[in-house]
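Please view the sequence and the structure first, and then read the points below.

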Amino acid sequence: RQMCIRDRDNHKQAVQGKYGIDLCDYILNRRFNCAKELLRFSVKPVKEIVVESGIMNTDLFRHLFIENEGMTAEEYGKSGHSGTEDKKVLAFYGIV
């Protein structure tokens, strides 16, 4: 049991050192980015994306979109929103 706790703490410290955020925030960030991709590139309903992204909590999901994107997930999906990373990639290939 102590070995598991030590391993967990080592993983947390490794993520903190590499990304500058704690493990829970890192995982939530990855899940949020997954949700944004699903909204941009699929026609799945938002309720399905909440589950598929791993966020699972619809209130948290809604809060994350309003706080970080300034709109609901539904609005984000309908807007055909292209994030900064997408614009950089498109610019790199001379598409924009």
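**The nonpolar core and its surroundings**

The largest nonpolar core has 14 residues, and those with the most contacts inside it are Leu39, Val46, Ile49, Phe61, Phe65 and Ala73. A nonpolar core is a set of buried Ala, Val, Leu, Ile, Met, Phe, Trp, Tyr and Cys residues joined through side-chain atoms within 4.5 Å. The structure is a predicted model, in which local features need pLDDT of at least 70 and side-chain atom pairs count only at pLDDT 80 or more, while totals for chains, interfaces and linings use all residues. Residues are numbered from 1 along each chain as its sequence is written, and side-chain values use heavy atoms, with hydrogens and water left out.

- Two or more residues each come from α2 (23-41), α3 (46-53), α4 (58-69) and α5 (73-78); helices here are DSSP runs (H or I, at least four residues), numbered from the N terminus.
- The greatest contribution to this core, four residues, is that of α2.
- Beyond its neighbours within four places in sequence, Ile49 is in contact (heavy atoms within 4.5 Å) with Ala35, Leu38, Leu39, Ser42, Lys44 and Phe61.
- In soluble globular proteins, nonpolar side chains tend to be buried together.

**Packing of α2 and α4**

- The axes of α2 and α4 are 11 Å apart and meet at an angle of about 85 degrees; axes are lines fitted to C-alpha atoms, for helices over the stretch in contact, and angles run from 0 to 180 degrees between N-to-C directions.
- The two helices, α2 and α4, are therefore roughly perpendicular (65 to 115 degrees).
- On the α2 side, the contact is made by Leu28, Phe32, Ala35, Lys36 and Leu39, and on the α4 side by Leu60, Phe61, Leu64, Phe65, Asn68 and Glu69.

**Aromatic residues**

- The whole structure holds three aromatic pairs, that is, rings of Phe, Tyr and Trp (its six-membered ring) with centres within 6.5 Å.
- Phe61 and Phe65 are about one helical turn apart because four residues separate their positions in helix α4.
- Phe61 counts as buried at 2% relative accessibility, and Phe65 is buried at 0%; buried means under 20% relative accessible area (1.4 Å probe, protein chains only).
- One aromatic cluster is formed by Phe32, Phe61, Phe65 and Tyr76.

Note on methods
Buried < 20%, exposed > 50% of the residue type's maximum accessible area, 1.4 Å probe, protein only. Parallel < 35°, antiparallel > 145°, perpendicular 65-115°, else oblique. Phe/Tyr/Trp six-rings, centres within 6.5 Å; stacked < 30°, edge-to-face > 60°.
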